[in-house]
Amino acid sequence: MRARLAADFERFGRELPRDFPDHVRDAYRIDLTARYLGREIPHPIGKGSGQLSLNPDQLEADRAAGLGFVVLKTLVAEEASGARSMEAWAIHETRMRVERLRSAGGREGWTVTWKGRGWDRSLADYLALVRTAADLARARDGLWVVPSVKYHLPRLDEPFREAEYAHTTAELARAWGAGELPLEKDFSPTLAGDPLADERRRILRWVAEVPDRIRRAAPGPVRVALKLMNALFDDAFQVEMLEAAAGADGLTVFNRLFDPARGVAYGGWDLSERNLRVLDLARARGWRGRGLSGTGNVSSGRMVLEYARRGCESVQLHTFFQLPLGEYPAERGSRTQRALHALVFHPTEGLVAGMLDLEAGGVLERRGGLLRFLDLARSAGAAAS
Ligand SMILES: Cc1cc2nc3c(=O)[nH]c(=O)nc-3n(C[C@H](O)[C@H](O)[C@H](O)COP(=O)(O)O)c2cc1C
């Protein structure tokens, strides 16, 4: 199998077949089936919300590459009048810098430095993208694409602005069309650094109440994931946030770290170390989350497995899709294809190699002859979403 993997790595570096999960099942008897926001997907690797999911061309390239799923850029919610309480998040900024970053523990990684925030075009433009997303989500050979929103978040003595929740959710539901509307609600790193998020009780109230606010505002069924932030408090508070989020259908854990001195969000190894440590702490305290999706410094198949072993049924990447081309071992293909090739087929660091190692180490067992990716989250005690 190892020889076969080395040969596949070589071959697929020239061209990755879109149906590579079928090949992995046939060649290695490994079932990569994963799940995001209630839907089964052929493998766990998806794209996190951001600058790489802003237009139909990016979605088509991801569909063609065989990506697992995509979360659209975060829309800043508005009322029927166009008023936006989170207006400050709708700023325009195009310049991104992909940089090497050394973590506190001395590990070299990558981060993207960017001063922008949410969707900076009109609601009408976003709704057009959601219609494309819904078509892709329904198509055979399509792609599971999910919208993302940032809604009003009140101070403790204030009510939620229902009008903003109602208008934006109804418009999204209309654009999505029939069936359950999937939605990820973003609590971003810049929010973590904002005075709005300087009080613990306030954040816990948001996390506890927002899923129902969205459900009540929606004209039909809706499935809500919360993308939780890395607050500027300690690990124990992150666990409190996870516990408070029990009403969500899924949790994306956790958005980037925020550096208050520089006023920017960052990732790299500091981010994955914190995220994995908090998930360990939460599970040690008996917490069992539903529908977990990991995000933060996923730059190898082994890191996908680190998140999976802590209950994540999928992962969402941004930075690894933005590396200089010379950083990917593949010779050809879109960035998405090159990233998938490295993440899945790298002979030592890839997902297939990592799952074979987990089998050899007695951590993962075959069922019905297959090693199953979702068994990792299941044995971590994650409740099914
Ligand atoms: C330039 C940039 C823009 C982003 N914009 C958003 C956003 O609008 N909404 C959101 O939920 N996350 C956003 N993210 C966070 C990513 O989706 C992802 O969760 C995070 O970067 C951690 O993954 P990574 O280490 O693979 O980059 C953004 C990240 C980057 C680098």
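Where does Arg4 lie? I found Arg4 in helix 1. Helices (H or I, at least four residues) and strands (E, at least two) are DSSP runs, numbered from the N terminus.

I noted the ground rules next. This is a predicted model, in which local features need pLDDT of at least 70, side-chain atom pairs count only at pLDDT 80 or more, and totals for chains, interfaces and linings use all residues. Residues are numbered from 1 along each chain as its sequence is written, and side-chain values use heavy atoms, with hydrogens and water left out.

**Entry: Arg4**

I looked up accessibility. Arg4 counts as partly exposed, at 44% relative accessibility. The scale is buried under 20% relative accessible area, exposed over 50%, partly exposed in between (1.4 Å probe, protein chains only). Leaving aside neighbours within four places in sequence, Arg4 is in contact (heavy atoms within 4.5 Å) with His23, Ala27 and Tyr28. I also checked Pro347. Arg4 and Pro347 are 343 residues apart in sequence, yet 9.4 Å apart in space, C-alpha to C-alpha.

**Entry: helix 2**

The buried residues of helix 2 are Phe20, Pro21, His23, Val24, Ala27 and Tyr28. Why are they on the same side of helix 2? Because they cover an arc of only 155° around the axis. The arc is that of the directions from the helix axis to the C-beta atoms. I then asked what covers these residues. The cover includes helix 1 (2–12), strand 1 (30–31), helix 3 (56–65), helix 11 (335–345) and helix 12. Arg29 follows helix 2 and has a positive phi, near 55°.

**Entry: helix 12**

Helix 12 spans residues 351–360 and is mostly covered, with seven of its ten residues buried. I list them as Leu351, Val352, Ala353, Gly354, Met355, Leu356 and Leu358. Just after helix 12, Gly362 takes a positive phi of about 75°.

**Entry: the core**

Which residues touch the most other members of the largest nonpolar core? Ile45 and Trp206 do, among 123 residues. Such a core is a set of buried Ala, Val, Leu, Ile, Met, Phe, Trp, Tyr and Cys residues joined through side-chain atoms within 4.5 Å. Helix 4 (residues 123–138) gives the largest share of this core, nine residues. Beyond its neighbours within four places in sequence, its contacts include Leu67, Phe69, Val304, Phe321 and Leu351. Leu351 is also one of the buried residues of helix 12.

**Entry: second largest pocket**

I read its volume as about 290 Å³. Of the 18 lining residues, Arg18, Pro42, Leu67, Asp141 and Gly142 are the closest to its centre. A pocket, on a 1 Å grid over the protein atoms alone, is an open set of points where a 1.4 Å probe fits, with protein on both sides within 12 Å along at least five of seven lines; lining residues have an atom within 4 Å of a point. Grid points are joined across faces, edges and corners, and the volume is the space filled by probe spheres set on the points. Strand 3 gives the most to this lining, three residues. Helix 2 (20–28) and strand 3 (39–41) each supply at least two.

**Entry: Ser148**

Ser148 lies in strand 8 (residues 144–150). Is Ser148 buried or exposed? I found Ser148 buried, with a relative accessible area of 0%. Its contacts, leaving aside neighbours within four places in sequence, include Ser49, Lys73, Tyr126, Glu184 and Asp186.
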